[in-house]
Amino acid sequence: MTTQTVEYIRYRIPEDRSAEFLAAYTRAAAQLAAAPECLDYELARSEEDFEHFILRITWTSSEAHLKGFRESELFADFLAEIRPYIGNIEEMRHYKPTAVRGTGSAVPTLYAWAGGAEAFARLTSVFYDKVLRDDLLAPLFEGLAAEHASHVALWLSEVFGGPPAYSETQGGHGHMVAKHFGKNITEAQRRRWVNLVQDAADEAGLPADAEFRSAFLAYVEWGTRLAVHFSGPDATPPAEQPVPKWTWGAMPPYQG
């Protein structure tokens with residue numbers, strides 16, 4: 001469960017002061033950008049009433065904001081810029097994100113962009129045909145179950161925004177991770193896996209645009225590095241987690 005918190009500050013700024021207000025926050029934003037407690041921020045202005053502004057700041061936690069940022073040297077410079085507008089604040093509260101979230105259809109999922117279930121079925125069919133003929137990887141997949149490729153297709157489909165068929169029929173992230181325990185995957189094998197899945201993506205006709213392939217490869221790098229970690233002799237099972245959801249953006253840095 002994430003501990004991050006979202007702070008909203010609503011301002012009402014007379015229109016004749018809006019230019020100086022925006023200039024002040026442009027300067028103050030440098031302190032937010034430098035704060036290790038701050039994940040992101042955005043200042044928005046009402047389209048219907050130009051006097052209303054909302055500042056949204058995502059903090060790593062409420063405590064990080066109140067005890068970290070506010071007690072840091074950065075806060076003094078931040079406060080110096082926005083102090084003239086404190087009296088214009090109409091609301092200043094912290095909010096916890098809920099499970100109600102998602103994206104609209106204006107931006108397609110990677111699953112849809114790739115071509116849906118058929119595309120990932122083609123990908124895994126081509127890929128495992130290569131794997132079983134590869135001297136470096138074939139020993140890892142000795143005795144491969146006939147349904148393995150189809151299960152991985154379900155996994156990738158769900159990861160990239162498709163239906164939760166893997167979760168419903170196989171389990172969550174822990175189920176996939178458990179398949180790698182004791183395998184002792186080497187870096188050379190991981191690299192070969194990455195290369196072969198990219199070749200398979202070409203042969204299976206997955207989209208070749210830079211945006212899709214960069215997101216696709218980002219997941220492959222992330223996933224294979226986790227596989228190496230959990231295949232090692234000192235690996236311990238992670239807490240039960242849902243299947244990760246990959247988007248056009250990047251994965252945030254890991255924080256234990």
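Glu 91 forms a salt bridge with Arg 10, with 2.8 Å between the closest N and O atoms; a salt bridge is a side-chain nitrogen of Lys or Arg within 4 Å of a carboxyl oxygen of Asp or Glu. This pair links distant parts of the chain, Glu 91 in strand 4 (residues 89–95) and Arg 10 in strand 1 (residues 5–12), 81 residues apart. Strands (E, at least two residues) and helices (H or I, at least four) are DSSP runs numbered from the N terminus.

The model is predicted: local features need pLDDT of at least 70, side-chain atom pairs count only at pLDDT 80 or more, and totals for chains, interfaces and linings use all residues. Residues are numbered from 1 along each chain as its sequence is written, and side-chain values use heavy atoms, leaving out hydrogens and water.

By the salt-bridge rule the count is 17. Three of them are tabulated here.

| Pair | N to O distance |
|---|---|
| Glu 91 – Arg 10 | 2.8 Å |
| Glu 91 – Arg 93 | 3.1 Å |
| Lys 245 – Glu 158 | 3.7 Å |

Lys 245 lies in the segment after helix 10 and Glu 158 in helix 6, so their pair ties together parts 87 residues apart in sequence. A network of salt bridges links Glu 187, Arg 190, Arg 191, Glu 221 and Arg 225.

The second largest pocket has a volume of about 600 Å³. Of the 30 residues lining this pocket, Phe 141, Met 176, His 180, Trp 193 and Ala 227 are the closest to its centre. Helix 10 gives the most to the lining, with 9 residues. A pocket is an open set of points on a 1 Å grid over the protein atoms alone, where a 1.4 Å probe fits, with protein on both sides within 12 Å along at least five of seven lines; lining residues have an atom within 4 Å of a point. The volume is the space filled by probe spheres set on the points, which are joined across faces, edges and corners.
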